[in-house]
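Work through the exercises below with the model open beside you. Try each task before you read its solution.

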Amino acid sequence: MPAPQPDALPGSQPETSPESGTASPEMPGPGQNPTLRGAVGPAYFPVALLARFPYAMMVVGVLTLVVAARDSLTLGGVTSAMVGLGTAIFGPLIGAAADRWGQRPVLLITGLASSLSLFALAWVVYSPLGTWAVLVSAFLVGATAPQVPPMSRSRLVGVIFRKLPAARQQKTMNSTMAYESAADEITFVFGPVIVGLLAATLGGAAPIIGAAVLTLCFLLAFAMHPTADVVPKNTATHRDPAPVGELFAPRLLVLLAGALGIGLIFGSTLTVLTSFMADLGLAERAGLVYGAMGVGSAIFALAAALFPASFSLEARWLSFGGVLLLGTIGLQFASVLPVLIIVLLVMGVGIGPTLVTQFSLVAERSPHGRSATVMSMLTTAIVIGQSSSTAVTGYIAENFGTQISAIVPLVAALLIILAAVGNALGVSNARDYSGESSTD
């Protein structure tokens, strides 16, 4: 996928960081027309994209592994939920550690720990050890999951506000958040497709082993990339980070609720689709059909960069949240595969811009010194929603049928709309907040 690039800019001298008082990394010299891609280097976007896949493959990969090895959909759902629980507890802490000590050491430690935990889970599931060992191993997988998406956003926000002239920052921010959300869509939607292909061709353990290998290769490359130095760690600045209490301000909680809803949509829709395809005797093709939602989502996430400034973030969330709600209503009546594919496309149109909007808002509202923490909280909310709804929807589908389980995505869409309404009613207004996300 092409990286977002601001228009050509005249060269400028290195800026001084307002937090550390030290010079920021140099921009290209005069006449070189610096762009965001030029500032981060040509390897950044491919590496950051590939480094996301293990994170997106974990929940579905664990479900696939446990079902294949232990022959229990219920246990698979509970095990996936344990991954989400581990991420919920430790994901924000990993983000906070990156804010305090810098991204590189935190990524190197969590990357190695994540690979080891994935290999361990692949062994434990096929071992004679009991269910407790499977659940503990899954918890460790979630607890050590590296927070690549929020850290990537935090890096790019730092590059934009430190290396690009103020006149072009907002436009570049919009296109960058659009790209980042599209990248999330690609990984969260096509991650399960990769899991399905690996499981079908190489066995149930292949997706988890593959995620471990990807982590070793691309996560470590992401950790060592020079952009890791762009985001200032709090220990190197002369300012204390914002109080922890600001992480739970209404202006951020409403965004977490919306992100949770997106995660619920991801997990429940994939599970409903899997049950639907199993009813047709085509369960192994569920991941491929699920890709239909990703196509519309990725396209419209990128298109969000073209929306006019007059189309406010609050209005975008309401509008595309409404499209998503419409799609989940249609899901209740999708009884044949062609109709289901159309419904998934409509849902994708709603998901992409909604996710872009949420991350754009969180970039504006991040308290000083808490950028990676807040980004991690939002991404963690997505994973919690995905893992919990996978477990709940799987139980409903197994015991009450596919049609009843389709109610879960509808409830998730209603949560997203409620959060959007709360945001639009002025629960928070980023422009009235005196925080300094642009310099975090």
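**Exercise 1. Which aromatic cluster do Y44, F45, Y179 and F222 form, and how are its ring pairs arranged?**

Step 1. Know what you are working with. This is a predicted model, where local features need pLDDT of at least 70, side-chain atom pairs count only at pLDDT 80 or more, and totals for chains, interfaces and linings use all residues. Residues are numbered from 1 along each chain as its sequence is written, and side-chain values use heavy atoms, with hydrogens and water left out.

Step 2. Find the members. Y44, F45, Y179 and F222 make up one aromatic cluster. Rings of Phe, Tyr and Trp (its six-membered ring) pair if their centres lie within 6.5 Å; planes under 30 degrees apart count as stacked, over 60 as edge-to-face and the rest as tilted. The whole structure has 8 aromatic pairs.

Step 3. Take Y44 and F222. Their ring centres are 6.1 Å apart and their planes stand at 45°, so this pair is tilted. Y44 belongs to helix α2 and F222 to helix α8 (residues 206–224), so the pair ties together parts 178 residues apart in sequence. Helices (H or I, at least four residues) and strands (E, at least two) are DSSP runs, numbered from the N terminus.

Step 4. Take F45 and Y179. Here the centres are 5.1 Å apart and the planes at 85°, so the pair is edge-to-face. F45 sits in helix α2 and Y179 in helix α7 (residues 166–202), so this pair links parts 134 residues apart in sequence. F45 and Y179 are both buried.

**Exercise 2. Which rings do the charged ends of R153 and R155 sit over?**

Step 1. Apply the rule. NZ of Lys or CZ of Arg must be within 6 Å of the ring centre and within 35 degrees of the ring normal.

Step 2. Check each arginine. The charged end of R155 sits over the ring of F222, 3.8 Å from its centre. For R153, the ring is that of F359, at 3.3 Å from the centre.

**Exercise 3. Are T354 and L355 buried or exposed?**

Step 1. T354 lies in helix α12 (residues 337–365). L355 is found in helix α12 too.

Step 2. Read the accessibility. T354 has 0% relative accessibility, so it counts as buried. L355 has 1%, so it also counts as buried.

Step 3. Look at the neighbours. Leaving out residues up to four places away in sequence, T354 touches I262, W317, F320, G321 and I416. Contact means heavy atoms within 4.5 Å. The C-alpha atoms of L355 and S181 are separated by 6.1 Å, although these residues are 174 apart along the chain.

**Exercise 4. What does the whole protein chain look like in numbers?**

Step 1. Count the secondary structure. The chain has 15 helices and 0 strands.

Step 2. Turn to burial. Of its 440 residues, 58% count as buried.

Step 3. Turn to contacts. Among those with a separation of 6 or more, 84% join residues 24 or more positions apart.

How values were computed: Buried means under 20% relative accessible area, exposed over 50%, partly exposed in between (1.4 Å probe, protein chains only).
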